[in-house]
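Hi,

Have a look at it first, then read on.

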Amino acid sequence: MTSILTTAAALALTAATGVAAAQDVPLIERTKLFGNPTRTGGQLSPDGKWVSFIAPRDGVMNVWVAPVGDPAAAKPLTAEKQRPIRQTFWAPDSRQVLFVQDKGGDENFLLYGVDIATAQQKSLTPFEKTRAMPIGTSHTIKDRMLVGVNNRDPRWHDVYDLNLTTGQLTKVFQNDGYAGFVADDQLKVRIAEKTRADGGTDYFRVNGTTVEATPFATVTYEDAGNTTPLGFTNDGRTLYWADARGRDTAALVAQDVASGKTTVVGQDAKADITGGLFNPATGQVEAYGVYYLRNEYKPVGTAVAADLDFLKAQGKGQFYVGSRTDADDKWLVTYDGVTSPSATYLYDRTAKKLTELYVTRPELVGAPLVAMHPVEIATRDGLTMPSYLTLPKGADANGDGKADKPVPMILWVHGGPWARDGYGYNSYHQWFANRGYAVLSVNYRGSTGFGKKFVSAADLQWGRKMHDDLLDAVDWAVKQGVTRKDTVAIGGGSYGGYATLAGLTMTPDAFACGVDIVGPSNLNTLLATIPPYWEAGKQQMYRRMGDPTTDAGKALLKERSPLTYATAIRKPLLIGQGANDPRVNVAESDQIVAAMEAKDIPVTYVVFPDEGHGFARPVNNIAFNAVAENFLAGCLGGRAEPIGTALQGSTAQVRKGATHVKGLDATAAPAAAR
């Protein structure tokens, strides 16, 4: 059993790998990287008079609002005391800011509204053990919206008409088996989506409360992950799709509702179309996004072409167009400079003028941030993985993305797995690089955005070809001189946590250590405890992962579960878990910790009783990251800001292995096992 490196060994490794060069670079404090942003999540009111954003109030992220011409006059509207608000949007009449909030990470998100004039807050879906889901808003109907609520049957969301003024909910459609709905600008449900037993999807027209018996569109299992209706134009005559039928990557397709005729608006050979910019008054598409290595807008016609050219010409970095006013005279635009914190601007289309509203993390202005480099990495069976490499200053003096010398590396794996890594400022990449590590994030097979073949190549490949992709990425980094094979750690959250556990169990000598955040260890128990409102997606998950309702499927899932090989672990492991996680139950971490403890295999295990799938409260996130960077310093020899008082004020419970991490034993909560 290989134990945690001693201090002497860590120092020797530091000298051998060149991490010491990072000592010349100022240390960026964890709180600057992972504490509350100063402002984030900006949204323009539809009438163009206000801008809302999320900002700290007494240390907790709350909703604020300001006159669009005077952001310094912002006032708080909400007063959350514990859990940060993270998602907001404006009511169509510009009188309220709406937001969703759960309790302790249980993901039972309820809908709330807060009046901008009085700051009076109202629960718009006042239920318990319920998850509300916005279904539709309108450009022309200002005082109502459609919302889905699963309080009758936790598997399915009934559709309600919500009067935003009075709060009255009126059921308009009882849902007994539909995965989702599409409404038009008149707030009429027009389409119902139903998952088939083979994992495909059928789409049905809805007339009032009647669903037609025959689907007007059928999407196969292979296409279902990349094909979905995006919405109607405001006149209801055109339906836009992201559509992979008959092609590999999803195209933007316009369908004439009356005739059924489809027209390809835009497509790309390497990447799925990622949505678009739609005119607020007409709902017609004016540009669409293509995101392969970087995001880029492609104009449709001339309506916004000059605006996009102007915004790109500012040279402030990759940009994203956020909210647009009803009059479409003002946009909110956020620039991501990668080596600087993102900044959000008010764009006056008439004057062609940008006015800075806020910088998300002004404390990072002038900090020693480093570039992120998009790279393409080949897998052993011929796929191409769009990936992102960040090098510490000590290993890339001229910033060209080519390593001057090998340094320890962290393979940071994204969750999902049906998600993707992207280009831009990344707190984890900057944090690790500042500590002296190279960081590599790869879009392994199964990652979304690169076509259906890339997604399907991961079917039934958890812990096999998906894991081979990660090993191939490490081999690439070694051949490029980025790192050495014996100085690579693996880490990540959700599927990234699973990949960490798979790496340390199934290939026990491939990585020097691992950091698992809310990762499943037992795929059979994972699928047995998924939330009830995932019912519609179960067949797709079974076809992609393994079917737990069959003996063969259970056997495959057991074979691909890290818990099956827990006794093979011989490298240091750190696990972080939210006790209220509805996706990856706390039992997933408990199981593998118990299996390791039974064989006297060391592990450090930190649980947060007020968190779910990840750590939403910054004080908890900072606490875990304090443990993580000192854990990694012991394993890889990089720099670390001492743990100090980082756990104070958090709810961290160090349930196992406090003595395995330098500085943790003295600060751990009483629950720590020493």
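**The second pocket**

β24 gives the most to the lining of the second largest pocket, with 5 residues. Before I go on: this is a predicted model, where local features need pLDDT of at least 70, side-chain atom pairs count only at pLDDT 80 or more, and totals for chains, interfaces and linings use all residues. Residues are numbered from 1 along each chain as its sequence is written, and side-chain values use heavy atoms, with hydrogens and water left out.

Back to the pocket, then. Its volume is about 310 Å³. Of the 14 lining residues, those closest to the centre are Asn295, Glu296, Tyr297, Lys312 and Phe319. At least two lining residues come from each of β24 (295–299), α4 (305–313) and β25 (318–324). The lining splits into 5 nonpolar, 4 polar and 5 charged residues.

Some terms for that paragraph. A pocket here is found on a 1 Å grid over the protein atoms alone: it is an open set of points where a 1.4 Å probe fits, with protein on both sides within 12 Å along at least five of seven lines, and lining residues have an atom within 4 Å of a point. Grid points are joined across faces, edges and corners, and the volume is the space filled by probe spheres set on the points. Ala, Val, Leu, Ile, Met, Phe, Trp, Tyr, Cys and Pro count as nonpolar, Asp, Glu, Lys and Arg as charged, and the others, Gly among them, as polar. Helices (H or I, at least four residues) and strands (E, at least two) are DSSP runs, numbered from the N terminus.

Which residues of α4 are buried (under 20% relative accessible area, with exposed over 50% and partly exposed in between; 1.4 Å probe, protein chains only)? They are Ala305, Asp307, Leu308, Phe310 and Leu311. Just after α4, Gly315 has a positive phi of about 70°.

In α10 (538–545), the buried residues are Gln540, Met541, Tyr542, Arg544 and Met545. Their cover includes α3 (221–224), α6 (452–456), α9 (523–528) and α11 (551–559). Gly546 follows α10, and its phi is positive, near 140°.

Most residues other than glycine have a negative phi, and most peptide bonds are trans. Here are some exceptions.

- Glu107 is not a glycine, yet its phi is positive at about 65°. Glu107 sits in the loop between β6 (96–101) and β7 (110–115) and is buried, with a relative accessible area of 8%.
- Val518 also has a positive phi, about 45°, without being a glycine. You'll find Val518 in the loop between β34 (513–517) and α9, buried at a relative accessible area of 2%.
- The Gly416 to Pro417 peptide bond is cis, with omega near 5°. Pro417 is in the loop between β31 (409–413) and α5 (427–434).

**Ala244**

Where is Ala244? It is in the loop between β19 (238–243) and β20 (251–256). Ala244 counts as buried, at 0% relative accessibility. Leaving out residues up to four places away in sequence, Ala244 touches Asp223, Asn226, Thr227, Thr249, Ala250 and Lys452, where a contact means heavy atoms within 4.5 Å.

**Aromatic rings**

There are 31 aromatic pairs in the structure. Rings of Phe, Tyr and Trp (its six-membered ring) pair if their centres lie within 6.5 Å; planes under 30 degrees apart count as stacked, over 60 as edge-to-face and the rest as tilted. Phe53 and Tyr358 make a tilted pair, 6.1 Å centre to centre with 50° between the planes. This pair links distant parts of the chain, with Phe53 in β2 (50–57) and Tyr358 in β28 (353–359), 305 residues apart. Both residues are buried. Phe450 and Phe454 pair edge-to-face, at 5.8 Å centre to centre and 75° between the planes, and Phe450 and Phe454 are buried too. Ring pairs also join Phe34, Trp412, Tyr428, Trp431 and Phe432 into a cluster.

**Confidence**

The protein chain averages a pLDDT (the predictor's confidence in each residue, from 0 to 100) of 94, and 95% of the residues score at least 70. Residues 1–18 stay under 50, and the model has 34 contacts for them beyond four places in sequence. Residues 670–674 are also below 50, with 16 contacts beyond near neighbours in sequence.

Cheers
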